[in-house]
Amino acid sequence: MMEKSTKEMAPLSFDGVSKKRKIHDGFRTFANWLFGLLSVGILVWILAFVFMRGSSYLSWDFLSGDYHSKTLSYKTSDSFRIENYHDGKPFTQKEGLEKYPFSKRFGASFGLTKNLNGKEVVYLVSLEEGSPFFDFLDVSGNSFEYPLSKASLDSLIIKDEEGKYETVYGSSSPKAFAEALDKASAIYDITFVTFGGGIRGSLLTTLALIGLTLLFLLPLGVGAAIYLSLYAKGGRITLLIRSLIDLTSGIPSIIFGLAGALIFVPFASSIVGGSGGNLLSGALTLTIMLLPVVIKTTEEAIRAVPRHYMDASLALGASKTETIFKIVLPNALGGILTSTLLSIGRIVGESAALVFAMGATIGETVSFQSGYSSLAVHIWNVLSGESPAYDQASAIAIIILLTVLALNIGVKLISYFLEKKKGKRT
């Protein structure tokens, strides 16, 4: 009976299992490729959108200009007489400027240009030598500033020879300004408005914030990593410290902003003066927020240093402190640079915490007593109004991306040369 059942039993085959495994592996590979390409496609689409919307906005004026517009008003003095200029004769326009409307009475050429928002505005192209413009006075009695950099005409109020007043607004054409001046016997008011829209203040504040944060962050983070990896003994206290570090890395950044507003803002204000958030309170808040990144990355880099490096140094008579600073840290420098790069990326891109801990006011300079905005907070500002400036926000995003890219390349080059130098030593 046993022999019969054995003979009738079919031999064991793995063909079915093999086919199922191949189908399963093929489906897994297809899914990996599909979702990988989808992720890359979304990333490329976002980058393309940002560069298409913001690239036309980029210029040196955008990087170096003020964000807030300024109004400059001038007028003629009470003793002004148009006959006293150019011997009472009409001015002659300079060669090459014939395409611009020209006032023969005031020797001024006007044209159209685009401000930083892409809107066409009238501007003062050129003034002839001896033009009455040079004797215009502002409300403080100061003379007219020429050339006016990045400014448009907002309005012109003239007084003609019959004593009547006429107003020309900035929405008019350059020809309207030239014709109005040719009828004027005096200028009651001519107002210029600087373009504004620049990001110089936010850019400088971001660079200062990076430097100040790293000044606090790196000593604390690297020191904590050295303690945990080389000094701390395994036990409940060490386990608790590691758990708290992991817990801190998962806290939302807006919670750090709230803590910064409650703790660091009063502390920093008592040191640097002023009221409200400032650069110091923002840097301290980011330091606490980024400590887990630096500690964990640096600790892994220190643990990756071969143990016999330390043993050899100690055997040659070096102290543990000398061994750490001359042997361990130089060999773990790549990991420290990586943590620094990750921290800088977070500093540049952080907005939620800084709105509460530092402030959201867009400024023109760097100030330790005022909470001017960084580039990321600047984006939040221009997008939070009734008419979001997507082009300007995209241009700032391009600057942030290029900054992070440059830092990545810089860290890679430094790591490469350090590894190359280490290879030569060995």
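# A tour from strand to surface

Select Phe 110 to begin: it stands opposite Leu 124 in β4. Strands and helices here are DSSP runs numbered from the N terminus, with at least two residues (E) for a strand and at least four (H or I) for a helix.

Before moving on, note that this is a predicted model, where local features need pLDDT of at least 70, side-chain atom pairs count only at pLDDT 80 or more, and totals for chains, interfaces and linings use all residues. Residues are numbered from 1 along each chain as its sequence is written, and side-chain values use heavy atoms, leaving out hydrogens and water.

**Stop 1**

Now highlight strand β3 (residues 108-114) together with β4: they pair in the antiparallel sense over seven bridges. Two strands count as paired if DSSP finds at least two bridges between them.

**Stop 1: β5 and its partners**

Select strand β5 (residues 151-160) and strand β7 (residues 184-194): nine bridges join them, and they run antiparallel. Here Leu 153 stands opposite Phe 192 in β7.

Then bring up strand β6 (residues 165-169), which pairs with β5 in the antiparallel sense over five bridges. Ile 157 has Thr 167 in β6 as its bridge partner. β5 and β6 make a hairpin with four residues between them, and Gly 163 in the turn has a positive phi of about 85 degrees.

**Stop 2: helix α14**

Click on Gln 392, in helix α14. Is Gln 392 buried or exposed? With 4% relative accessibility, Gln 392 counts as buried; buried means under 20% relative accessible area, exposed over 50%, and partly exposed in between (1.4 Å probe, protein chains only). Beyond its neighbours within four places in sequence, Gln 392 is in contact (heavy atoms within 4.5 Å) with residues including Tyr 57, Phe 62 and His 378.

Last, pick Leu 413, also found in helix α14. At 44% relative accessibility, Leu 413 counts as partly exposed.
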